[in-house]
Amino acid sequence: MIETFVPVVAVLSMYAPSVEAQPEVKIEVQVIEASTKLKKFDPKLAKLKKAFRGFSGATIVDELQASVSQGSSISLEILRKSRLLKVTFRELAKDGSIKLKVAIDAFKFSAETIHKKKNATVVVAHETSETSAIFLAVTPKLE
């Protein structure tokens with residue numbers, strides 16, 4: 001009886017539906033204020049310094065880190081007002097690249113980004129005056 005039971009269990013387990021976990025990424029968002037009046041760059045911004053051409057200094061004014069599963073979003077209120085930055089994890093490709101949607105409705109801004117390199121960062125700028133701008137740096141990292 002045991003001999004006939006074991007093969008049946010093996011066959012059933014081969015056809016059992018597999019439940020795959022949704023991929024997750026850790027999304028890091030930095031809200032950065034850059035100005036021609038500031039005289040130094042925050043040390044955390046060393047890797048991004050090229051993005052601030054024309055500005056003599058920049059400082060991080062807000063940060064957010066959150067784990068997000070595919071199809072989900074994180075949001076962050078920016079510029080000390082009711083402007084909402086929304087980052088949605090769209091897709092994890094077979095080659096490891098990560099596709100995000102970055103949107104700020106108040107600025108009528110929306111962009112699909114593809115991060116092909118490990119920990120690649122996208123930087124978006126919005127001019128706030130003749131001497132300053134707000135930059136948003138978004139970096140996804142596989143969990």
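**The cores.** I began with the largest nonpolar core, which has 18 residues. For a nonpolar core I took a set of buried Ala, Val, Leu, Ile, Met, Phe, Trp, Tyr and Cys residues joined through side-chain atoms within 4.5 Å. Buried means under 20% relative accessible area, exposed over 50%, and partly exposed in between (1.4 Å probe, protein chains only). Ile-27, Val-29, Ile-78, Leu-85, Val-87, Leu-100 and Leu-136 have the most contacts inside this core. Two or more residues each come from strand 1 (24-35), strand 3, strand 4, strand 5 and strand 8 (132-142). Another core, of 11 residues, lies apart from it, and Ile-32, Phe-41, Ala-58 and Ala-137 are among its members. I jotted down a reminder that nonpolar side chains tend to be buried together in soluble globular proteins.

**Ground rules.** I kept in mind that this is a predicted model, where local features need pLDDT of at least 70, side-chain atom pairs count only at pLDDT 80 or more, and totals for chains, interfaces and linings use all residues. Residues are numbered from 1 along each chain as its sequence is written, and side-chain values use heavy atoms, with hydrogens and water left out.

**Leu-85.** Which residues does Leu-85 touch, not counting those up to four places away in sequence? I found Val-29, Ile-74, Ser-75, Leu-76, Ile-78, Val-102, Ala-103, Ile-104 and Leu-136; contact here means heavy atoms within 4.5 Å. Leu-85 also has Ile-104 of strand 5 as its bridge partner.

Next I traced an open antiparallel sheet of 4 strands, in the order 3-4-5-6. Strand 3 (73-78) and strand 6 (109-115) are at the edges with a single partner strand each, so one side of each has no neighbour in the sheet. Neighbouring strands are turned by 20 degrees against each other on average, direction ignored. Strands are DSSP runs (E, at least two residues) numbered from the N terminus, and two of them pair if DSSP finds at least two bridges between them.

**Around strand 5.** I then followed strand 5 (residues 98-104), which 7 bridges join to antiparallel strand 6. Lys-99 is bridged to Ile-114, and Lys-101 to Glu-112. Strand 5 is mostly covered, with 5 of its 7 residues buried. The hairpin of strands 5 and 6 has 4 residues between them, and Lys-108 in the turn has a positive phi of about 55 degrees.

Technical notes. Axes fitted to C-alpha atoms, helices over the stretch in contact; angles between N-to-C directions.
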